[in-house]
Amino acid sequence: MSAQPDGGAAQLLWRALQPADLPAMHALHLASVAGVQAAIVKPESREFLQALLAGRGRVLGGWRGQELVAYGVLQHDLLPEDDQRALLGLAPAQPLYKLAGAAVAPAWRGRGLQRLLIQRRMDWAGAAAVIATAAPGNFASWHSLLACGLQVRAVVRRYGGHARYLLAHVSHEVPFGAGAREVDAQDLAQQEQLLQSGWRGVAPGSGGSALLFAPPSGGGGA
């Protein structure tokens with residue numbers, strides 16, 4: 001373990017979680033989703049978390065003494081529905097990882113740990129492409145992902161039909177054209193039209209509930 005010097009993380013010790021950490025990871029997950037609708041955050045089963053710790057991914061955890069107060073998952077063993085290489089223009093053999101969930105204890109929120117976990121996992125991924133999903137109504141989640149360089153590439157339906165932004169970070173992206181457009185997060189039809197025309201969600205809009213879209217180089221047809 002090693003202490004970190006930045007923000008709330010300076011008080012924590014960080015290490016990769018092991019199978020023996022499952023009880024602490026599961027307890028933190030339950031605390032983080034308590035009272036939150038599944039349309040916003042999907043509850044994970046203990047079995048799924050166990051599979052991640054057993055080798056389907058890597059999990060970074062931040063500890064304060066014996067208490068796990070934050071974790072973030074980088075998953076490499078993806079389900080077929082998460083293999084978005086074709087949508088992202090990647091070759092079938094190109095590495096692709098997923099930011100497959102994170103949790104911060106309620107008492108530790110507001111200290112930048114979510115963004116820190118995103119950045120640390122992207123560092124783990126190296127030059128590989130990285131994807132994540134976030135509910136349009138989960139503003140804090142997609143704001144953090146956008147701030148760390150991911151872009152909204154599509155709206156997908158997951159977990160019983162709930163809408164999710166599909167965000168991605170791919171090295172050597174093509175540049176955008178001029179003429180950004182702001183769309184309210186609730187206007188999924190307009191967002192999907194833009195995304196299907198090659199636009200990408202690149203930053204929060206005014207008020208935090210809108211998404212700023214940038215057109216592809218050469219202009220978009222939406």
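**Where the domains meet**

Author: Happy to! The protein chain is assigned domain 1 (13-173) and domain 2 (175-221), with bounds that come from an automatic or database domain assignment. This is a predicted model, in which local features need pLDDT of at least 70 and side-chain atom pairs count only at pLDDT 80 or more, while totals for chains, interfaces and linings use all residues. Residues are numbered from 1 along each chain as its sequence is written, and side-chain values use heavy atoms, with hydrogens and water left out.

Let's start with the two domains. Their C-alpha centres lie 23 Å apart. In contact (heavy atoms within 4.5 Å) are 14 residues of domain 1 and 16 residues of domain 2. The area buried between domain 1 and domain 2 is about 1300 Å², and carbon and sulfur atoms give 61% of it; buried area is the accessible area (1.4 Å probe) that two parts lose on being put together, summed over both.

Between domain 1 and domain 2 the count is one salt bridge, meaning a side-chain nitrogen of Lys or Arg within 4 Å of a carboxyl oxygen of Asp or Glu. Arginine 157 forms a salt bridge with glutamate 192, and their closest N and O atoms are 3.1 Å apart. On the side of domain 1 that touches domain 2, the elements giving two or more residues are α5 (139-147), β7 (151-158) and β8 (162-169). Helices (H or I, at least four residues) and strands (E, at least two) are DSSP runs, numbered from the N terminus. The largest share of that side, six residues, comes from β7.

Now for the other pairings. By the salt-bridge rule the count comes to seven. One of them joins the side chains of aspartate 82 and lysine 98 (3.3 Å, N to O). Aspartate 82 lies in the loop between β4 and α3 (85-88) and lysine 98 in strand β5 (residues 96-104), so the pair ties together parts that are 16 residues apart in sequence. Aspartate 82 is buried at 7% relative accessibility, and lysine 98 is buried with a relative accessible area of 7%. Here buried means under 20% relative accessible area, exposed over 50%, and partly exposed in between (1.4 Å probe, protein chains only).

Lysine 98 is also among the residues that glutamine 75 touches, not counting residues up to four places away in sequence. Glutamine 75 is found in strand β4 (residues 67-75) and counts as buried at 2% relative accessibility.
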